[in-house]
Structures are given as structure tokens and as C-alpha cells.
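Hi,

Here is the structure I promised to pass on. Have a look at it first, and then read on for what turned up.

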Amino acid sequence: MSTRRFGERIERNADAALLRGEGSFIDDIDLPGALHAAFARSTVARAKLRSVDVSAAEALDGVVRVYTCENIGALDAPLPLLIPAPDLTHPKTQRPLARDDVFYVGQCIAMVVAVDRYVAEDAVRLIEIDYDPLPVEMDLDKAVMDDAPRVHPDVPNNVAGRFCVETGDTDAAFAEAEHVTRIRVRLERSTAAPLECRAIAARWEAVTGELTVWDSTQSTLSVRGGLASLFRIDEDKVRVIAPNVGGGFGQKIMMFHPDEMLVPLAAMELGRPVKYIEDRVENFIGASQERAQIHTLEIAAMKDGRVIGLRDDFLHDTGAFIPYGVAVALVSATSIAGPYRIPNFRVTFRPVYLPAVQVTPYRGCGRPHACYAIERAMDQLAGELGLDRFEVRRRNFIGKDEFPYLREGLIFADGLHVSHDSGAYEEALETLCRTIDVDGFRAAQAAAREEGRYLGLGLGFYVEGTGLGPYEGGHVKIHPITGKVYVNTGLTDQGQGHETVFAQIAAEQTGARVDDVIVVEGDTGAFEWGVATFASRAAVCSGNAIHMAAVKARAQIVEAAANMMECSQEDIELRDGAAWVKGTDRSATLAEIATATNPLRYAFNKPSASATQFAPASRHDGPQLAEGRTPGIEATDYYSPPHATWAFGAHAAVIEVDPELCTIEVRRYVCIHDCGRMINPTIVEGQVMGGIAQGVGGAFYERCEFDEDGTPLNANFMDFLMPYATEVPDVEILHSETPTPLNPLGVKGVGEAGTIPVAQVYASAVEDALRPFGIAPIREAPLTPDAIHRMLRQARKS
Amino acid sequence: MKPALFEYVAPRSVEEALDALAGDEMARPLAGGQSLIPTMNFRIAAPSTLVDLRRIGALEARAVEGDVIRVGAMTRQRDLERDEAVRRANPLIAEVLGNVAHIVIRNRGTVGGSIAHADAAAELPCMLVATGGSVVARSTGGERTIAAEELFLFHMTTALEPGELLTEVRIPALPPRTGYAFQEVARRHGDYALAGVCALVTLRDGVCSAVRLAACGIASKPTRLAAAETALLGAPPEGEALADAAEAARECVTAGDDRQAGLDYRSDLVAALVRRTVAKAAGRVEGRA
Amino acid sequence: MAGRIGQGTPPRPSPDPRVAVSMTVNGERIEREVSPRMLLSDFIRHELRLTGTHVGCEHGVCGCCTVIIDGHAGRSCLAFAVQADGAEIRTIESVAGPDGSLHPVQRAFRECHGLQCGYCTPGFVMAIVDYLEGNEDPDLSDDAIRAVLSGNLCRCTGYKNIVAAFRRSAALMRGAG
């Protein structure tokens, strides 16, 4: 039997409890005596606040406190700008509760704390808010005009800053070009919509001065740092726990949403635990969103299809505030060349304020936008040059022998350079073409057309800079009594399976059974160094840190086991929760080894008796813990990546379009993905498939809609069309495994990958299907039946 | 998203329910709650009193009596869908119900509730119009029967008077030599229709001796496609007559542009759906090869 | 199963008259006084402390709160606790054996990696348990399974593995595997 754990399809440790309904999400935590919060939110996109009258709400039976900007003390200040940047010349962040002005529908104006959520909502409706509405411009293109109404009076053209990134000599490339392709593409605003909305609970222990916060956040450590700073409490008195979190997808990396400060404040002031469980409408109007950009892209090509230069200018909707800096837009800008060499390019962009909830990363974080822009352009280039879509890509891929491929001068969202570390792009495309059988498809397409049916083949290639720094840590310890391996890191899990893949990494080195590895994260009380879960970085950063710590632990185990069994270290092998002398049946369990390396005074069980002071095995002449040694089996290490590691993949789909009903049917969807070495292929596939489903949402169903006054039009699950099982195709997932040389495990990130190319795949397939009708190229995502109808109608007219 | 306060009664007879409704214009009957409770959770609706009908066993009765299927208003949609006797009497009903939301919603949603809710894009009201069904309405003043085409006045508005309770839905059995079909286009499976068409085609000697067509999602209420029916009468359900019927159906489309579909798109949809449902219905006429 | 239902929070002062309800939850007889407006989902979660039933939208779309009411899967956010007076309710806590051993549907989800964050999972499990218990010979084609699963949203898995879990559940419930 194989003793390998790394790379195996192992069932998840966390599942049984979740399946029995024994998960512990924030609202599942029983805090006796807890009060419940609800918010009065702006119903107007942009207005001066004439008055906020909370007297009737305060008088309602069951209401304990109503907070406005007037009674939150030092918290009444703009929230921090989390990621400053020199070119972000006009940064704006919001206040926890509005003062004088509101900037979007959904902005928090007052917080009611009451005996339960029902009464809190009753009270919210008793708060009288008098608005003096101001004009707004919701169209991203028009918002930058000189005469557009300003979201912030001191920000001309609503532009938060002007940014430029460049590699090579773009102007020279365009001067040399034989052909220039120009396109303009538009992506709509959307939202992550995790099924557990945001949630927070806080408890203040006045006796000890300790604040405990349960937060469905992706970043417990950052929230702790922020709260310690805001409330001037030492870090060791603030504990932030993210228990089970019902999906995050980036929305829960943003902090602080106002409740994350106000709920702890209320708990401290009122002396009772306070909970805020965001509801679905609040999640649609008050939690971070993403995705809207308009790109104007030009690519400079030679007649043979080689692209030698690219210029992109894009507008990025950042919402009414920009607390997360330009992370999303910067990722778009630096990912614009995709898997292609394109040695010279310049991207200019402007984050634009619109009176809507702020934009911060959502799964993909700028990459789906860049992918849509460049891939739409590559399709167009192929058409204009009369080349096959696949062939144009082949001629531009960074070749297998060209890695690492440095994009000189570009700085990625981690502040480090952009260098594609490893890959096999052309090989991946070949596998994809073979699997989907491009020639066979063309025959099927022709035959279908004879019957009046329209099939199209869509294609999208993507790269993803993953595993961003700065660093994560790993702590590995073996419990002396149970022999279980206890692993910590500073991350949080939202369902990605950290508890299983980190257990596999630790088990691979220590020989423990995977289900004997206890992974505890998402708790600042368990491990207090690290950053957060975002940017497809958990496996890369924490995975390698845990691996490095486990390697150290392994050395300790092997040394101790060799001493205990009086053999050489080379003769020790670790498996099945024990150290074995190779070729014999002699073994010592991890519990025995952990016990033996921890000199004891008291005996708790049989193995521990052998570690007490009079036991023969622990007889020493000197100190029982030798100088320089630490007790037990325990190690900590940290991994800090030199720069992002670039995963990649390609998707292809066969889509049938019904030109009468303007509906689509995905006949086949194939994905090939490469995230370096896979720790657990089943989990990788789950991540890829989940990402694709979110991509399908963005390709054909989901967008956040507003009327021209800035009022959200579909802030609920009836009108925001998240796909059901009936809308998401079955996907054939193929793997390619090109290890990265950048980290010891050879792994790259996978969390966001699936989402990236789907809108392009749908667009190119529908375009291919409807080619006989002569439709205009598709330039907007999401595509809709109504849009297909308009294109067909337009084509028939012309 | 918690509802506002209300009073609650759960009477055991229709009479008690009518008494409870009669005294209070803001009172609302509660059937399956699958449409009403969401609007209450959003606080769009805030009835003073909910008169829960679940204890009134008489409202759950259903029977196939000759050429009429009598369905108690509190019949759960899923129960009607799976009722073999009903399926034999009129298989259109199950075909339509398969498009109503999702199984778990149909488990609790009632037939009377959906019809009284009268969403202009809903499938059951469209089916009732197409089949020429009716409802029985009772009040403290007595009982009356309202034909489907008189019942639906506007989106979410019916001819039911305050204090009047829909107690029974009457759906004609499928007539002899008649085929049926329902088809809709929705953004997602189970969503309300952008447009849906229900067709009943009766053939005699290869030509349409009777045609009933109704559509949902295309106007402010479920709509008979009368001109389309006329175009098919006396003609075979194909070729030019069918094309004419499809074109004629367009004039019934009055729903303005909304966020999912423009007027032009809905017009094209209803035309295409008329062609497809009529062809399918005609193909299902028993004895027709 | 006895003893797994909590006592809930003490009643609060309110102008809201209470209505007595009694029902059977997971085989245990429950008697409580509730506000008429208390949603069944909140009643199950906060009064009975059965927190495995989750709340994802409170307007009946996501399916996270699905429980079995009188033998039929239904949304607990689209019912008031008072409507469940006299009813028999099953929640996710009743699905596994008393010793915690997983039900075939739960085993299938684990084997097929049919869950990630686990928030939607209890709703899917309840809908599938109800469906498969009521259909001895279910249509196991992809389209048929997806139609049954529609009505429950999952944001993590992309459904592929839930479809597989449905198929596997059907096999396990028939005693195969």
C-alpha cells in the first residue's frame, strides 16, 4: 500500500460534521443574552442628509440602543485606505455611519441594537431620514465626462487616479505593426453572493478586558489588527475567530464593512454579546461588489498573426469608495497579455467613482476582465487575418523553453515583478483540441446547419498569477497523549478544503494518517502570524510553510525514533502513525515518540510513564531537556514567495443557439487546468468546477443592475440570476501538471482559475454558432438572450 | 428580512375563514405561502391578519367529475402534478406544473394560491385561461363561479372582491381528439416565464376544429391569443395557417421592455412558441399518426 | 436524539401576542409559545437550537433552509412556525444515525466531494432525502437529476459533484455499493 498522502484523492476531513448539520457558522454560535443589530441604510444613491431622527426607534419596546455618527465616538472617521498607492491621487473611504452625505443606496446611516432581529427591523423602519438628493451618473463612460455629476465634490471627473503600466517599447511596436486590431469590451458589475451572507458576533469580557469577535471573514488576523488599532486594545486581548464560513469568494476579504467595527463597539458599550447577521438584500446593497470595466484595446500584429504590441486603456468602476486601493484594476492591467509573449505593451487605467457600493476583489479579481479583453481581441485578430482562432494563439504562446518569462518593468498586485515561472501553454491547447475534437466538431456543425441548428465552438485561454505574498506561516506539533498532528496557519477557510490538503502535506512528512491531522486556522488565538485567504494563495503560501515546518518535525521524529529503537536514522520509515525500523515489525507510535521527547513529571498513561523521571528510558546524566532542544515534536516555519506563480489553463465549449428563442444549450464543456503539482486532485477539480460555475453566472446570467438614479434593481435572488444545477453544464476537467520552481512543493494556486475565461468561452461559442447570420462581434459580458435577440435583429436589418 | 407584526387565525371551516376575512380589509388568506411569505419577509406586504386555510379539509378535496376536474384551492401543486386520475383526464396540467418553480416550492405551493396571486407571468393562470377553466369564489354573501378570462384583471389583480375566498379551481378535462402542449422560455429553470404558450388543438379530418391558445409573460395578465386561434380554425395545424397564427399572436404582446426582454424579443418569442406548441399539440392528438 | 433540542431564549417583552404550538421535530414532541411572525426557519434554529438548517435568502430561492414538513421537503423560511402546529418536521440533525453514522445521501456527498463550504449542504441533503424516499425508481439521467436539484443554489461546487452524489445516493439507498 502506498504511504503517499500528497497528490492523493482523499475524502475531506471536514465533511462529516457539515453533513450532519453540526457546522458552526456565525449565527449557529449560541451567545446567551445576545442582542441583534440591524441597519438603516440609504435609499438614495447620492444625497445630503438633512436630518436623521431616531427618536421613535429608540422608544420602541425591545430596542436597546440606536447608533448614528453622533454617538460612535472615535469611530466616526473615514475607514482606513488598506492599500495605498502613489498614483491613487484621490482616495476616498467611507465612514462607518454616514455623516452629512450618503454616497450609495445601501450605505449605513444608523445601527439599531435590539432584543432580536425582528424588533431591530421594526425599529429601522421607524427611523426618519430626510434626504436632499443630488444628481448622479451611473454610466461608467459618462461618469468621467467633465460635466458629469461628481460623487465626491473634490474629485474631478470622478477619477481616483491615473495609472500606467508598461513593458517594452509599445510605440515602436505599433510603428512596426503590419496590422492593428481594435476592440472595445464592457463587463458588468456583479457580486460574489456567498450563500452565507456576511455575519459578525462580538463579546466583551469586562473583567479581563478581552474582546472576542466571530467574523465570517477571510482575514481574522487583519481584522484583529484593525480592531486593536481602532479600540486601542493590545492584540493579545483581541481574539478574532472565523469558524465555518459559508463561502467568501473575495467579498469577505474586504474589511472593514461598517458592522465589523460597530458590533464590537456595541458589545463593549452595552456589556452584552451582539450579533449582526446580514440578510440577503443587505448583502446585495451593502457588501463589496466587482467586475465592471470598459476596455479599449488595440493589438499590433504582423500578417502572420504574431502580436508584437498592445495598448489598453480602461475604466474601472470602483464604486463610491476605494478602500482596497487599485488591487483589482492593477491585476487586470498586469494580466492583459495573457499567455502570449506580446513583448511590448502599455496599459493605462482610471478607477472611477460611481454612486454604488465599493468594489473590492471578487473571485478572479481583475483577471476575468483582462482575459475577456485579450481573448476577444485574439478572436477578432484571427478573423481579420483569415487565420484559425487556435493557430493565432499557437503563434503567440510563450514557449515551453522560454520560462521564466519576465515582463520587464511590470509590478504585480503583490508589489513584485511579473514573471511567468513555468508552463506548457501550447501543449495544453493541443490536449484541449484533441479532446473536444475540433475537426469532428466542424463536421457536426456543418451537419447541424443543414438541419437548421446552430452549433458554435468557443475557446478561452487564461493565466493566473497566484500565491501572492507577503508570507504565511505553518506550525506543526504532535500531541504527546493522542499522537495526533496539530497544524496551524494564519489563514481562514471558506470551504476550499484547507483542513484536508494541509493535513495531507503534514501527513506526507510525519507519517500520520490524514484523519489524525487536526488543522486549526481562522483563529488568532491559535496562530498569530500571517495575512489572509485571497489571491489563490493558501496552498502556495501556507501549504509550503506547513511543508517546511513538517520537514523539520520529521527530522525530529526520525532522530528520536532512531534513539528509541537504537537504529540508524536511515533505517527509519514513517507510516501509519508510527516510525518503523525498515524491514522489521518494530515500531514506535507518534504518540510514544512525542511523549518520549517531552520529559515528564507525571504519568497520564502507559507511554507517558516511560517519559517520567525514574523511567529507564529517560535516564540522563545532564538536564533532561538537552541544551538547545525544545520539548516534544514541534516546528514552525514561514514561506514568503519570491513573486507570484503563474497557473494557466484553457476551456472550450460547444454551445447550441436557438436563433428563434435566443436561448443557448451547452452541449459540451472541456477544461484543461494546470496548477503545478496537485495536492489533492479531487479538491482541485472541485475548485475548478466551482469557479467555472461562477464564470457561467458572469457569462450569461448575473449582473447587478441599477436604474439611472442609482437604485439597485435586482437586489435579491429572484432577479439576480445565480445559476441552478440546470444552468451549469457538466464539465470535463483535464489536468496538466507543470510544477513551479518557485516553491518546495511545486504548487500553484487554483482557487480563482475556473472563473476567468468563461465569459470569453460563451461569447466566442455563440459568435461562432451565429456566424451564418452575420451578427456583430460580441463585446459585452454577461451575454443575455435579449442581447442575442438584438444582435440577430440587427444582422437581419443590415 | 423579517415580516412585520400580524395577527394569526387558523379557522377550521370556510365559513369561519370568511368571517375572519369579512371584518378586515387588510386581512389576507394564507394558503401555501410560497408567494405571500416572501413579500412579507421583504415587508412589501404587511397584512393585518393572516387567515391560515390549512385546517380546512374541504379545501383540499379534488375529483375528476365527467369532463371537469375539481381542485380544492388548498391542493398542493405537487399533489396535483402527481395525481394519476388528473393526468389521465388532462395531461396538460402536469406538463404545465413541471414548469412552476421547483419541486420543493410545489410541495407547499397551492393551486388556488398561485391562481389568486395572478402573476402575469405565472403558468397556472395561463393554463386556466387556455383550458377555459373557472374558479369558485365564496363570501359571506354566497358563492359564485368566475370564468378564467373574467378572473384575471391585471398583474397580481383578480376579480375577487374583498372578503371573497377562492375555494375551488375547475379545469376542463382534455376534449376528445385534442392535443396539448405548454412551452415557456425562462432565464433559469423554474423562473417565471419571459413568455410561455399553452396550446390545445382539436383536429377533425386533419384540420383544426377547435383551438385554444393562451400566453403568460407577454401582457399584464394571462392572455388568450384569439387572433391566432382564428387563423388556425378550419385549417391544418401547419404551413401557412400556422405561420399566420404565429404572426397574429404578436398583437397580444403588450408587456413593455423590462430588464430581461424587450417588446420585440417577446413578440418573436410568442410567435415561435405558438408555432412550436401548436405543432406539438397537433402531433399529440390521439389516433393521429 | 432526545436532548439534542435546546431550550431556546427566554421570551421577551413585546406587544406581540404568543400562540401556542406543538409539533414533532425529529421524533421529539415540542411545545412552545411563539410570535405568529416567527419564521419556521428561525424557530428551528433559535428556539430549538437546531442550527444545521441554514438561512441563505429568506425569500425561498436558495433552498438552504429546506426541511421535511409532514413528509414533503419545504422551505422553512416560507412558513411561519404557527403553520407547523401539529406538523411533523424533520431537519438535517435527524438524518444521520443516533451514533452519528452517515445516511446514504450524506455518505454520497462525502464520497463525491459534493460539498465545499457546507452552507447549502443541509438543504440539498433534505431535498434529496425527501425525493429519493418518495421515488423508488428515480430517473438518473443528468437532465432529470439537475431538474430535481434546481431549486437549491450552491455557490461553491458548480453542482457537478452534487449530481454525482445524487446518483450515488440512489445506488446506496438501493443497497448497492
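Let me begin with the cysteines: searching the whole structure gives zero disulfides over all chains, a disulfide being a pair of cysteine sulfur atoms within 2.5 Å. In general, such a link is a covalent bond between the sulfur atoms of two cysteines. For A:Cys197, the closest cysteine sulfur belongs to C:Cys62 and is 8.6 Å away, too far for a bond. A:Cys197 is buried at 7% relative accessibility (buried means under 20% relative accessible area, exposed over 50%, and partly exposed in between, with a 1.4 Å probe and protein chains only). A:Cys541 is in no disulfide either, as the nearest cysteine sulfur, in A:Cys675, is 14 Å off. A:Cys541 is buried too, with a relative accessible area of 0%.

Before going further, a word on how to read all this: it is a predicted model, so local features need pLDDT of at least 70 and side-chain atom pairs count only at pLDDT 80 or more, while totals for chains, interfaces and linings use all residues. Residues are numbered from 1 along each chain as its sequence is written, chains are lettered from A and ligands numbered from 1 in the order in which they are written, and side-chain values use heavy atoms, leaving out hydrogens and water.

Now the rings. Those of Phe, Tyr and Trp (its six-membered ring) pair if their centres lie within 6.5 Å; planes under 30 degrees apart are stacked, over 60 edge-to-face, and the rest tilted. That rule gives 24 aromatic pairs over all chains. In one of them, A:Tyr425 and A:Phe461, the ring centres are 5.7 Å apart and the planes at 65°, so this pair is edge-to-face. The two residues are 36 apart in the chain, with A:Tyr425 in helix 12 (residues 425-436) and A:Phe461 in strand 18 (residues 454-466) of chain A. (Helices, H or I with at least four residues, and strands, E with at least two, are DSSP runs numbered from the N terminus.) A:Tyr425 is buried at 0%, and A:Phe461 is buried at 1%.

Another pair, A:Tyr454 with A:Phe773, is tilted, at 4.8 Å centre to centre and 55° between the planes. A:Tyr454 is in strand 18 and A:Phe773 in the loop between helix 19 (758-769) and strand 29 (780-781) of chain A, so the pair ties together parts 319 residues apart in sequence. A:Tyr454 is buried at 16%, whereas A:Phe773 is partly exposed at 24%. There is also an aromatic cluster made up of A:Tyr340, A:Phe397, A:Phe403, A:Tyr425, A:Phe461 and A:Phe648.

On to chain B. B:Thr178 belongs to strand 11 (residues 178-186) and is buried, at 5%. Its side chain has a polar contact of 2.7 Å with that of B:Thr202 (a pair of N or O atoms within 3.5 Å; within protein, one must be able to donate a hydrogen and the other to accept it, and residues adjacent in sequence count only if both atoms are side-chain atoms). The B:Thr178 side chain also reaches the backbone oxygen of B:Pro175 at 3.1 Å.

Lastly, where chains C and B meet, 32 residues of chain C are in contact (heavy atoms within 4.5 Å) with 32 residues of chain B.

Cheers
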